[in-house]
Amino acid sequence: MRRATLMLGGWGLWVGVWAVTLWIWGEATVPLIAFGSAAATAALAAGYLLVSAPEPDPPRTLADSSAAPPLIAAGIVLVCNGLAFGLWLVLTGAEVAAFGLGLLIAELRRERAR
Amino acid sequence: MSTLAEPAPRVGPLEWVLATDHKRVAARTFALAFVFFIASGVLALLMRSELAQPGLQIMSTDTYNQLFTMHGSGMVYLVVTPLAMALGLYFVPLQVGAADVAAPRLASLGFWLYAGGGLTMYSGFLTAGGAGKAGWTAFYPLSGEQASPGTGMDMWIVGVVCAVAGMLLVAAMILLTLIRHRAPQMSITRIPPFCWTMFFTCAMTVAAFPILIVAMGLLFADRHLGPVFDTPGGPATYQHLFWFYGHPVVYVMFFPFLGVVAEVVATFSRRRLFGYPALILGLFAFTGLSMTVWAHHMFATGQVNNQYYSLTSTTLAIPAGIEYFDVIATMIGGVILLRTSMLFALGFLGLFLIGGLTGIIIGSPPLDYHVHDTYFIVAHFHYTLFGGSLMGGFAAAYYWLPKATGFLLRESLGKLNFALLFVGVNLTFFPMFLLGYDGMQRRVADYSPDAGLTTNNMLATIGAFVIALGILTFIVNVVVSMRRREPAGDDPWQGQTLEWATTSPPPRLNFAALPPIRSYAPLLDLRERRGEGG
Amino acid sequence: MAPALETNRQDFQNLFSLYMVIGVAIGVLVIATIAFVVLRYRQREGRDPRRPETLLKVLEGTWVAAIAGIVVVLLVSTFTTEDRVDAVSGDPARTVRVTGFQWGWRFSYPGTGVAITGNSERSPTLVVPAGVDVRFEITSRDVIHSFWVPELRFKRDAFPDRVSDFDLVVDPGVTTTGHCAEFCGLGHDRMDFELVSMDPARFDGWLRHRERRVGATHAVGAA
């Protein structure tokens, strides 16, 4: 049994207890759904960790710098702004984000090749 | 790619911007959060200037509404949350003996999303209708298309989404680092207190922030695609979604600074933190309860089960009492050194206490019926956020900046900095309790000259400028200390945790070698064994 | 009608005093402890490095138990007070319908045709009978507003999608100002109203007088 499973499971249980308390007390559906799904998500994550492989991480390669994150972020922010300003900005943003993703893939492949 | 023990390479501005090293990403987050802090603080000074006297003197009501919206949302989304995350991003890997965070590129992406989001929010000022002006909570229907038309409001919504999503990513990386990348000897009971506070902070972030993104998405859809919240029960549903994020975020902005204060108090008392297990269990209970209290913001709506939320909210006093006891007990029998960061830590304890105790008052529905949405609430959360979080933030700055920069800050200027802020906070925010109780509602540009509110408003305005002077002192201190550097050395304070076992600033991969880790205060263990008088 | 109805203001003051006494006591205790500890242990080298761990653990247990006890006391008094404050009588002496809008209020008295409307330029006056149960039915025409009378220590939000009910008992001889407490846009800070309480007999006379005027003109503004 992994510790993370225990912790997330305990967390889900704790939130679940409060969700049930709320349900017994009689409450509108929305908070109950928000609450219940938080508990369920924690439980699901705990379950995933339980079945996923527990072996330690392989040695990591750590990049010193990468231009991909700022490009992807700029793309996403532009797309979001495009929702307010029009399709042209959505497309521009998507292009920038795609470029960033391409860069990221290239970087990762180069790293793996070493 | 770096190898161990390689000194940090000197980098140009482009490299600094693109760096994925958790320390550089955190430094960028700090710097940007500080810029937004100054910007949102200037908005507050403008507001206080307007409120100094009854009547409208320097701005229109419309401008005022934009200012308080941007002040509140700026401080919450762009300043205090990122500041908390930046502390975690910088010091969690150092404290647990990791070379970097999990997935550094994602942490960097988080920073850039935050930067883009903040820029978008503030750019609203450049649009014809001005920036968002529906308050930091953007309650529906006021935030709907009909009551708040215009691009500024749209930009506010997408800006919030980007900024919050960015911080969510950073939090997830910190959480993963804590779970998967601790030094082999650091078992779960040897995690330092600050890291524990970050653990719970990030757990809350991961649980709560997505809900806000959903709420903002639905709000945007409501404005442009068709009714979402415009149904019976819709406005209350928006509030539920908002506060399901909005209350946990209060503790996201509190826990990390509590962790800092615990470390600072232990270090400057030359003692081990008292009651480690109780503190952690207290935080666990706190975190669980934090997800159950949100509707205490909605007592006056008459649409929630007030007694349930009053029960959970008031129960918070118990874990809070444990945290306070443990921190104070740490000092007992110690050798207390009143360095600047210790002063800020003590200031945190005193001021947050006032915020916390008034929090118990407003956790009682019949009392909240009177003071809700008044300056009483404004005073309460400024005592927790300024008196708490930011005092803790300054404690962290004086404690950890020497580690990050390699030079010490000036003590004399630091003490002046503390004195000005301590006086300023009380002068600004204490009168607000009286203002709210006496009948001044929140979010007003003007008030009646006959309501007996003038004196307290004037006091609060004077206090705000004292705070500004305090912040200025901090900037001067950083500049002076940077000009004539006083080297910090690896461990200027006799610290207890691993970050003090490496150089200042730490190398790219943080550690050349790790000391043995036998408790949550490994360096204190070493000193005790060498008989240096613990 | 029950004699000597407790007003919301009295309920509030009793509960508030309890919270204040306990809050101030704890605040003073904690701050005094911090001050004492800091002064007592301030930078004196060569002290015995141990602290009384066992004693402190016992103290911590006591402290937590004490807080838990206080929490119970506070919750019990909150719940009993709230039951009284939130109670809606089956037989209110008078019903007032409150409608908030950007930016003003409309107060109407169902069954009489009397309605008083005012806006941010000219605030309306709400007249209620004193010492009896008055039922308020509150709603909004556009965004969320909040009906707040500081003197009565009470507020309730006005939602556009529903009508909320609450009862208030107002002391005789009250003349005071109420505000909108929920931010509602440009006119929020001027969305005030006056509240006047009259003894029931005078109130009935006032209402009959207004009712007679309704036929001819639509009443706007206060009497």
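## A guided tour of chains A, B and C

Of the 223 residues of chain C, 34% count as buried; a residue is buried if 20 or more other C-beta atoms, placed from the backbone, lie within 10 Å of its own, exposed if 12 or fewer, and partly exposed in between. The structure on the screen is a predicted model, in which local features need pLDDT of at least 70, side-chain atom pairs count only at pLDDT 80 or more, and totals for chains, interfaces and linings use all residues. Residues are numbered from 1 along each chain as its sequence is written, while chains are lettered from A and ligands numbered from 1 in the order in which they are written.

**Stop 1: chain C.** Keep chain C selected and display its secondary structure, which comes to three helices and 10 strands. Helices (H or I, at least four residues) and strands (E, at least two) are DSSP runs, numbered from the N terminus. Followed from the N terminus, the order of elements in chain C is α-α-β-β-β-β-β-β-β-β-β-β-α. The C-alpha trace of chain C spans about 90 × 45 × 30 Å along its principal axes. Its radius of gyration is 25 Å, whereas a compact globule of 223 residues would have one near 17 Å; the radius is taken over C-alpha atoms, and the globule rule is 2.2 Å times the number of residues to the power 0.38.

**Stop 2: chain B as a whole.** Select chain B next. Chain B has 18 helices and zero strands. The radius of gyration of chain B is 23 Å, close to the 24 Å that the globule rule gives for 534 residues, so chain B is as compact as a globular protein of that length. Its C-alpha atoms fill a box of roughly 65 × 50 × 45 Å along the principal axes. Buried residues make up 67% of the 534 residues in chain B.

Stop 3: Select residues 411-437 of chain B, which form helix α16. This helix has 27 residues and reaches 39 Å from its first C-alpha to its last, close to the 39 Å expected at 1.5 Å a residue; the expected span of a helix is 1.5 Å times one less than its number of residues. After α16(B) comes B:G439, whose phi is positive, near 110 degrees. α13(B) is mostly covered, as 22 of its 23 residues are buried.

**Stop 4: B:A102.** Select B:A102, found in the loop between α3 and α4 of chain B. Is B:A102 buried or exposed? B:A102 is buried, with 21 other C-beta atoms within 10 Å. Not counting residues up to four places away in sequence, B:A102 touches B:M173, B:L176, B:T177, B:R180 and B:H181; two residues are in contact if their C-beta atoms, placed from the backbone, lie within 7 Å. A distance drawn from B:A102 to B:L349, C-alpha to C-alpha, is 33 Å, and the two are 247 residues apart in sequence.

**Stop 5: the nonpolar core.** Colour the largest nonpolar core, which has 273 residues. Such a core is a set of buried Ala, Val, Leu, Ile, Met, Phe, Trp, Tyr and Cys residues joined through C-beta atoms within 7 Å. Its residues with the most contacts inside it are B:L89, B:I174, B:V261 and B:A395. The largest share of this core, 21 residues, comes from α5(B). Centre the view on B:I174: leaving aside its neighbours within four places in sequence, B:I174 is in contact with B:G88, B:L89, B:V92, B:V101, B:M198 and B:C202. In soluble globular proteins, nonpolar side chains tend to be buried together.

**Stop 6: where the chains meet.** Which two chains have the most contacts between them? Among the two pairs of chains that touch, the most contacts are between chains B and C. This contact takes 67 residues from chain B and 62 residues from chain C. α12(B) gives the most to the side of chain B that touches chain C, with nine residues.

Turn now to the contact between chains A and B, which takes 41 residues from chain B and 33 residues from chain A. Here α4(B) gives the most to the side of chain B that touches chain A, with nine residues.
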